[in-house]
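The following note sets out several points on the model under review. Please read each point alongside the structure shown here.

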Amino acid sequence: MQTISTTQDLAAFCDRAKGQPYVTVDTEFLRERTYYSKLCLIQLALPGDKVEDAVLVDPLVDGLSLDPLLDLFRDENTVKVFHAARQDLEIFYIDHGVIPKPLFDTQVAAMVCGFGEQVGYETLVKRIAKQQLDKSSRFTDWSRRPLTDAQKTYALADVTHLRQIYEFLSRKLKETGRARWVGEEIAILLDPETYITRPEEAWKRVKTRSNSVRFLAVVRALAQFRESHAQSRNIPRNRVFKDDALVELASTKPATMQDLGRSRLLLREARKGDIAEGILAAIQAGLNCPPDQMPKVSKERDKQQVNPALADLLRVLLKAKTENYGVASKLIAPASDLDLIASGERDVAALRGWRREVFGEDALRLCQGEIALAAKGKNVVVIET
């Protein structure tokens, strides 16, 4: 098992890769104690089965430059193959401003090809490569050196079997004519916006039961402070305060340090110092928010507008479509999209691109009363009204 630890050796391997149709890529990283992922290991494999066709790259070695790898990532002639690429791509974009392309994500392709919801790599190895993976090293500390032979074997398996999986899924997509569907999903992964977290938008991820715009203004200010604080200090946002504490603070609106000390859910470290001061300032900012700058409540938050009967029918239609096409239902339309459609919203991912062809057109026709659903044996069929 070759571990590359010099820029010269990395450049030599990447030069070989540029003459190949594809290279498989994976990473090992740590994120439990930081906001941004710490890259600890890179695995690369070329088509073939020679020992030198698969290598490990140690980015923690002093003096090693990843520039040759970044040049490979920019090379348009070699496809970069990942499985569940989002976190890997985020690391390379945040650290180096580079997103590998052309890009292929085997998890996305597998969901399009009927392998189920967010199918794991281990499942694909079993079903396509007919091999078993030893996952005992999955949760080891990848920042510690030296790496054990078990860690190296585990890491290399994440790119060696990926070659066979990629070739199988590529053929499958050509046979089914669904390469364009995967291409639309890959476009999202290639968009830098996918990896940018803006503190002012962080509130949209916080689940609340109230649609009061004044309450949401405080939630927004608290979430923005938490995100900015976590980013600037490179610590997990939950280390600042968790979502349940955020919602509690937005409800009780403490105005002083003494008030803050009565919080049931706030971590002890957040009741003093710069975090406590930031919390109190954020609450005041939310309370003083001008009316014209209040958060706009989307239909996704306003569940009262959802037609529950129509939402249930859309779920039945989606199930019928997924069984017919063999595509993972969550890839076509998550439950939140179905509720939005049932509430009258039309700017929904399920109504665009390949999803519209598979599901969206009939979903709209169902909403307009142009089609009905009926049981025929074990299947659900669409009937013109």
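1. Helices (H or I, at least four residues) and strands (E, at least two) are taken as DSSP runs, numbered from the N terminus. On that basis, Ser329 is placed in helix α14, residues 329–332.

2. The model is predicted: local features need pLDDT of at least 70, side-chain atom pairs count only at pLDDT 80 or more, and totals for chains, interfaces and linings use all residues. Residues are numbered from 1 along each chain as its sequence is written, and side-chain values use heavy atoms, with hydrogens and water left out.

3. The protein has 16 helices and eight strands. Its C-alpha trace spans about 65 × 65 × 35 Å along the principal axes. Of the 385 residues, 47% count as buried (buried means under 20% relative accessible area, exposed over 50%, partly exposed in between, with a 1.4 Å probe and protein chains only).

4. The domain assignment, which is automatic or from a database, gives domain 1 (2–195), domain 2 (200–288) and domain 3 (308–384). The centres of domain 2 and domain 3, taken over C-alpha atoms, are separated by 38 Å.

5. Ser329 is partly exposed, with a relative accessible area of 22%. Leaving aside residues up to four places away in sequence, Ser329 touches Glu117, Leu318 and Thr322 (contact means heavy atoms within 4.5 Å). Ser329 and Val112 are 217 residues apart in sequence, yet 9.7 Å apart in space, C-alpha to C-alpha.

6. Helix α13 (residues 308–325) and helix α16 (residues 353–367) have axes that come within 10 Å and cross at roughly 150 degrees. Axes are lines fitted to C-alpha atoms, for helices over the stretch in contact, and angles run from 0 to 180 degrees between N-to-C directions. α13 is therefore roughly antiparallel to α16 (under 35 degrees counts as roughly parallel, over 145 as roughly antiparallel, 65 to 115 as roughly perpendicular and the rest as oblique). Residues in this contact include Leu310 and Leu314 of α13, and Phe359 and Leu366 of α16. By class, the contact of α13 with α16 has 11 nonpolar, no polar and three charged residues (Ala, Val, Leu, Ile, Met, Phe, Trp, Tyr, Cys and Pro count as nonpolar, Asp, Glu, Lys and Arg as charged, and the others, Gly among them, as polar).

7. Helix α5 (residues 121–129) packs on helix α6 (residues 149–176) at an angle of about 60 degrees, with the axes 10 Å apart. The two helices are therefore oblique to each other. Among the residues in contact are Leu124 and Ile128 of α5, and Leu162 and Phe168 of α6. By class, this contact has 11 nonpolar, two polar and one charged residues.
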